[in-house]
Amino acid sequence: MDKKYGIQIIGTGAYLPEKIVTNADLEKIVDTTDEWITQRTGIRERRIVEKGTAASDLAEKAARKAIEDANADPQEIDLIIIATSTPDMFFPSTACVLQRKLGIKNNSVCFDIFAACSGFLYALGIAKNMMESGQYRSCLIVGAEALSYVTNWKDRGTCVLFGDGAGAMLIKRVEGETNVLSVLLGANGAHTGILEIPAGGSRYPTTHETLDQGLNCIRMDGKEVFKHAVITMLKAAKKALELSNKKLEDLALLIPHQANMRIIEAMGERLNLPKEKIFVNLHKYGNISAATTIVALDEARKQGIVKTGDYVELVAFGAGLTWGAAVIRL
């Protein structure tokens, strides 16, 4: 009889750049106010990388913290997945760069995935399937973003929203029960145009013209994104709970994608969850895309908000449109 494998979460880590850009700082470069930003988004400040810092630099710092948290040997990691919308370069993958920076010499499998703000949950779902097959023993999953490089700092509708940072999770294969009870993923390509970076790929290669028009930066239809985000994350959160055979009251904490406080509040109201069961840190970091849910999970663990044995649900929504939800036991 084939062995039944599960996975355990053995460590998490996060890294946020030291540079803080406040709403007051943004008032000096774009037509906006601290009051306008705070009321509409809940964001008060965000972290921004110094020039020359790449996504792999952020990923390395977060990864080393996760490895230290797990008291693990990095040489045992045989699978590295990075979720990012801001890779160091088109190729090689940022995961390969991270492998080199961590000094891992065991020919571990390395690749990046692009699923925007849902990226970490996509990576977790992929890792779950690959490890439960029994082929891999230890996986490092990282969400890393340097979004300030693709932010149009003249567009007040988007520049106030995004920040930089990285979060990492180390998981290992075990025999028997799994700590990742369910991962639900989905996408709807009919709405690709409401949140995108139009240029820089093969459709519209980078030219002086695309740069002048700001097509190499984030563009978003905020009202449409809000409408789809609330409905989709609600459905995903409920379905992932159903797949895990758990109920809302079983959760110690819900960690929603940190994009907009109004979205988070709308979710909480419709799920009838008390505020203390919903984790929020977007006021400090803004939207760090693929890194949001794992940075939040690490922060909740390190602050003692959740503990070993607790059930936690992560849910996210991003460009694509993509979405994901996962129920885990710490």
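Which strand gives the largest share of the lining of the second largest pocket? Select strand S1 (residues 5-15): 4 of the lining residues come from there. Helices here are DSSP runs of H or I with at least four residues, strands are runs of E with at least two, and both are numbered from the N terminus.

Before going on, some ground rules. You're looking at a predicted model, where local features need pLDDT of at least 70, side-chain atom pairs count only at pLDDT 80 or more, and totals for chains, interfaces and linings use all residues. Residues are numbered from 1 along each chain as its sequence is written, and side-chain values use heavy atoms, with hydrogens and water left out.

**Stop 1: the pocket**

Now show Ile9, Ile10, Gly11, Thr12, Arg301, Val306, Lys307, Thr308 and Leu330, which line the second largest pocket. A pocket is an open set of points on a 1 Å grid over the protein atoms alone where a 1.4 Å probe fits, with protein on both sides within 12 Å along at least five of seven lines; lining residues have an atom within 4 Å of a point. The space inside is about 150 Å³, taken as what is filled by probe spheres set on the points. Colour the lining by class and you get 4 nonpolar, 3 polar and 2 charged residues, with Gly counted as polar.

**Stop 2: the cores**

Next, pick Met267 and Val315. They have the most contacts inside the largest nonpolar core, a set of 41 residues. Such a core joins buried Ala, Val, Leu, Ile, Met, Phe, Trp, Tyr and Cys residues through side-chain atoms within 4.5 Å, and buried means under 20% relative accessible area with a 1.4 Å probe, protein chains only. Helix H7 (222-243) is among the elements that give two or more residues to this core, and H7 gives the most, with 9. Centre on Val315 and you'll find contacts (heavy atoms within 4.5 Å) to residues including Met233, Leu254, Met267 and Ala325. A second, separate core of 37 residues includes Ala83, Ile113, Val183 and Leu330; Leu330 also lines the pocket from Stop 1.

**Stop 3: two loops with buried residues**

Jump to Ser289, in the loop between helix H9 (282-285) and helix H10 (292-302). Ser289 counts as buried because its relative accessibility is 4%. A polar atom of its side chain lies 3.4 Å from the backbone nitrogen of Cys117. Beyond its sequence neighbours within four places, Ser289 is in contact with Ser85, Ala116, Cys117, Glu145, Leu147 and His257. Carry on into H10, where 9 of 11 residues are buried, then to Gly304, which follows H10 and has a positive phi near 80 degrees.

Ala115 is in the loop between strand S5 and helix H5 (119-132). What makes Ala115 buried? Its relative accessibility is 4%. Draw a C-alpha to C-alpha distance to Ala83: 7.2 Å, for a pair 32 residues apart in sequence.

**Stop 4: Asn216**

Finish at Asn216, in the loop between helix H6 (208-212) and strand S10 (219-220). At 14% relative accessibility, Asn216 counts as buried. Which side chains does the Asn216 side chain meet in polar contacts? Show Thr206, at 2.9 Å, and Thr210, at 3.0 Å. A polar contact is a pair of N or O atoms within 3.5 Å; within protein, one must be able to donate a hydrogen and the other to accept it, and residues adjacent in sequence count only if both atoms are side-chain atoms.

Conventions. Buried < 20%, exposed > 50% of the residue type's maximum accessible area, 1.4 Å probe, protein only.
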